[in-house]
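This briefing is meant to be read beside the sequence and the structure. Please keep both in view while working through the points.

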Amino acid sequence: MKPFKHALLAAAGLAGLTLATPALSQTTLRAVMHSDLKILDPIWTTAYIVRNHGYMIYDTLFAQDEKGEIKLQMLEKYDVSADKKVYTFTLRDGLMWHDGQPVTAEDCVASIKRWASRDALGQKMNSFVESMTAKDAKTFTINLKEPTGLVLLGLGKPSSNVPFMMPKRVAETDPNKQIEDFTGSGPFVFKKDEWKPGDKTVYVKFDKYKPRSEPASGLSGGKVAKVDRVEWRAISDQQQAVNALTKGEIDFIEQPSHDLLGGLKKDANVQIIESPQLKGQYTFRPNHLQKPFDNPKVRQALWYAFNQEDFLMANIGDAAYIKECKAMFVCDTPFATTKGMDGLLTSNVKKAQELLKEAGYDGTPIVLMHSTDLKILTNLAPVAKSLMEKAGFKVDMQSMDWQTLVARRTKKDPANAGGWHAFLTAWVAADVMNPVSRAYLNSACEKSLFGWPCDAQMEKLRDDFAREPDPAKQKAIAEAVQVRAIELTPEIPLGEYLQPVAMRKSVKGFLIAPVPVFWNMEVAK
Amino acid sequence: MTLFGYILRRLIGTIPVMLVVAVFIFLMLRLTPSDPAAIIAGDNANAEQVAKIRQQLGLDQPMLTQFFIWFGKVLTGDFGESFFFKKTVAALIAERIEPTLSLSLFTIVLAVLIAVPLGVLAAHRQGTWVDRLVMGFAVLGFSVPAFVIGYIFIYVFAIWLNWLPVQGYQRISEGLGGWALRLVLPALTLSVIYVALIARMTRTSVLEVLSEDYVRTARAKGQVERKVMFRHALRNAAVPIVTVIGLGVALLIGGVVVTESLYTIPGLGRLTVDAVLARDYPTIQAVILLFSFVYVMINLAVDLIYTLLDPRIRY
């Protein structure tokens, strides 16, 4: 064994000379993200990894702080006219694109227009907009047809699609085509020449970025890049990512699997950080077009059949990271409410059976799509099957990988001919914190997402919410939306789970935010 | 028939094979219930956005039209652009070929260097504990999946002993030492099954020739046992061993898919997995065509090596 060991150590010594970081004086943060970066346009796709990429290289007009409040980011100030129909925005001094050109109001107007043509919340906001105009290099206005609370909610939206600012020449790209110029004004510059999908994505510090003077808080405040270089390493195997973290080959894992956290906690060189904002919410989505889920009473039986604890424990398995929460708009957030939820989600089998009997359920098998390859979702469908069968449903659970499910859920064919009745998934909390951004509440029939709920009352409530600029009144409307959602059942929230991040103890400055960001983070040399 | 004529005939014979592969892989992908446009669009995308992406990718056209457009381009050497990576498939493959070639060569060299002496030793010591140990290892090597072996090696050599890195690949241009060091564990992992396969075949072939008259004659002439084994026995047993090695090289194509994914090596195997998961049709089609071509070429190479090892073989 000794000669072998000596040979290896000799090779290790030789390799040590060449395995070093690109420059000895540089600090590099090596991170494993939840997915590999393949697409680079955060307005063209809603994929979360592309959103995270967006936060690296682009900046936003507004941003959410640690408490979830919307703060100025690229803006010096904004004013609202007395009739609440004209918003005037003024950019901060010294903002600069990565190519050295100044950020102008025209750039921002073009960026908002492109975002508003793609994003669901942006489209809603846009329906209130009469015009958007650049007044001078630093000032632009949004003129509304009627007052709405959606301007700040939209421009401060933290998750996909985020209204990132791009240079006018880039933002004028057809919204249905991907951008090919990745010039941003954020704290990091994308190194396209070093981007190797399936291997690594590289960002370097933008030396000319002018951070705000306030300390960093959530996604807002001073975005100070404290490392010279960030590398996203594409390690798809969770166990291997954990091994690499333990050995110090990487510094950070965005979404370590919950079942591997126990081992990581025992490592003296690793820290686990739980952010109350980095959480997800499970949800059950029925297909309103297919019998028997076209019958509201059958759908309501599900509220009694299910309980959140079973779903959470089967998937997360650790009580420390789960929270039973019946608030549709996520617990501990501005629009959280439990109104209408009394007696629901308690696995009241008797009540569920009564409802099915009243509805005249004829035993039609429910085609339940079961995603098998994403660990965070794998055990949801088997739990749903078990609880539904106890309530009297007949369930045909069909297993498939997530990408097959994604393709199949767009089909309106009968469930026994390639269509479907239901599936389960998870939302990032930041995406579902109000009635407009919560996409599954969209009940505009053909125009709604797969599942196609159709309800004029729900749409009116969502419009009322969009029109209402007063947060207190918005809260009341959000309560009414939740009550209507229980009657309509476009989806059923199945509890929340925390998604901790894991990193070496040499890494400091991780920010509590709904999206993992890399400014303010530093690595001890 | 001359050797040149034989090679030409075999090369022409690859054309229908590749054509069948092209049709088969195209149909397999299109008939699989999946939609790259829905994947690209992301979870929050609506039906209209997905439809627009489908249109941009040309996936809204009839399947036959899609096939002829793709196949026409392939005939001109254009494998198209990846749906996801915004790069040509040819560029993607060129980027990924070095890690895969490195891993494959490293593995085969390692496997041959370990397996052939082991097989000869087992044959020489037939029926002893050495023979049983080698054959026991061979059975184990066949039976345990590569990812299980990989995890065991990682735990022992990278985590427990801390001798080797857990994952990753370093290009040769960035330093030979780092390149070799990062390949040791993946190559060891991948070589286990080939060591088992080649050692077993070597033992059987050598045992067969050991009972031949010329071996008895060599021994009678007083040749030392080492020379008998390596000069007379092994050389005459080489044809089936080379066949197995050739088969092993072809089988490596499957092996690199698992091993590259486990060790985060950005090679063709990893590209295949990523492309399949993302339903990146142009990339999957090109990689499968490439793998098929390599498979056919390896078979041809093995047939040609026969003539070198055994002058009696003529085509």
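This is a predicted model: local features need pLDDT of at least 70, side-chain atom pairs count only at pLDDT 80 or more; totals for chains, interfaces and linings use all residues.

Residues are numbered from 1 along each chain as its sequence is written, while chains are lettered from A and ligands numbered from 1 in the order in which they are written. Helices (H or I, at least four residues) and strands (E, at least two) are DSSP runs, numbered from the N terminus.

**Interface between chains A and B**

- In the interface, 41 residues of chain A are in contact with 45 residues of chain B; contact means that the C-beta atoms of two residues, placed from the backbone, lie within 7 Å.
- On the chain B side, two or more residues each come from helix H2 (36–41), helix H3 (47–57), helix H7 (146–160), helix H8 (176–210), helix H11 (238–263) and helix H12 (268–278) of chain B.
- The most is given by H12(B), with 5 residues.
- The side of chain B that touches chain A has 24 nonpolar, 12 polar and 9 charged residues. Ala, Val, Leu, Ile, Met, Phe, Trp, Tyr, Cys and Pro count as nonpolar, Asp, Glu, Lys and Arg as charged, and the others, Gly among them, as polar.

**Helix packing in chain B**

- Helix H5 (residues 89–124) of chain B packs against H11(B) at an angle of about 125°, and their axes are 10 Å apart. Axes are lines fitted to C-alpha atoms, for helices over the stretch in contact, and angles run from 0 to 180 degrees between N-to-C directions.
- H5(B) is therefore oblique to H11(B); angles under 35 degrees count as roughly parallel, over 145 as roughly antiparallel, 65 to 115 as roughly perpendicular and the rest as oblique.
- H5(B) and H11(B) cross in the right-handed sense. A crossing is right-handed if the near helix is turned clockwise from the far one by less than a right angle, and left-handed if anticlockwise.
- From H5(B), the residues B:Thr100, B:Leu103, B:Ser104, B:Thr107, B:Ile108, B:Ala111 and B:Val112 meet B:Ile245, B:Gly248, B:Val249, B:Leu252, B:Val256, B:Thr259 and B:Glu260 of H11(B).
- By class, the residues of this contact of H5(B) with H11(B) are 8 nonpolar, 5 polar and 1 charged.
- H5(B) also crosses H8(B), at roughly 35°, with the axes coming within 5 Å. This crossing is right-handed.
- The contact of H5(B) with H8(B) has 26 nonpolar, 5 polar and 2 charged residues.

**Strand E17 of chain A**

- In strand E17 (residues 422–428) of chain A, 7 of 7 residues are buried. A residue is buried if 20 or more other C-beta atoms lie within 10 Å of its own, exposed if 12 or fewer, and partly exposed in between, with C-beta atoms placed from the backbone.
- Both faces of E17(A) are covered: one holds A:Ala422, A:Leu424, A:Ala426 and A:Val428, and the other A:Phe423, A:Thr425 and A:Trp427.
- Strand E13 (residues 279–286) of chain A runs antiparallel to E17(A), joined by 7 bridges; two strands pair if DSSP finds at least two bridges between them.
- A:Gln281 has A:Trp427 as its bridge partner in E17(A).
- Strand E15 (residues 366–371) of chain A pairs with E17(A) in the parallel sense over 2 bridges, and A:Leu368 stands opposite A:Ala422.

**Open sheet in chain A**

- An open sheet of 7 strands has the order E8-E9-E10-E1-E11-E19-E12 (chain A), with mixed pairing.
- Strand E8 (188–190) and strand E12 (270–273) of chain A are the edge strands, each pairing on one side only.
- E8(A) and strand E9 (residues 200–205) of chain A run antiparallel and are joined by 3 bridges; A:Phe190 stands opposite A:Tyr203 in E9(A).
- Helix H2 (residues 48–57) of chain A lies across E8 and E9 of chain A and runs at about 120° to E8(A).

- Most residues other than glycine have a negative phi, and most peptide bonds are trans.
- A:Ser160 and A:Asn161 are joined by a cis peptide bond, with omega about -15°. A:Asn161 is in the loop between helix H5 (150–155) and helix H6 (168–171) of chain A.
- Another cis peptide bond joins A:Lys291 and A:Pro292, with omega about 5°. A:Pro292 lies in the loop between E13 and helix H9 (296–305) of chain A.
- B:Asn162 has a positive phi, near 60°, and is found in the loop between H7 and H8 of chain B. B:Asn162 counts as exposed because 10 other C-beta atoms lie within 10 Å.
- B:Arg279 has a positive phi, near 55°, and sits in the loop between H12 and helix H13 (281–309) of chain B. B:Arg279 counts as buried because it has 24 C-beta neighbours inside 10 Å.
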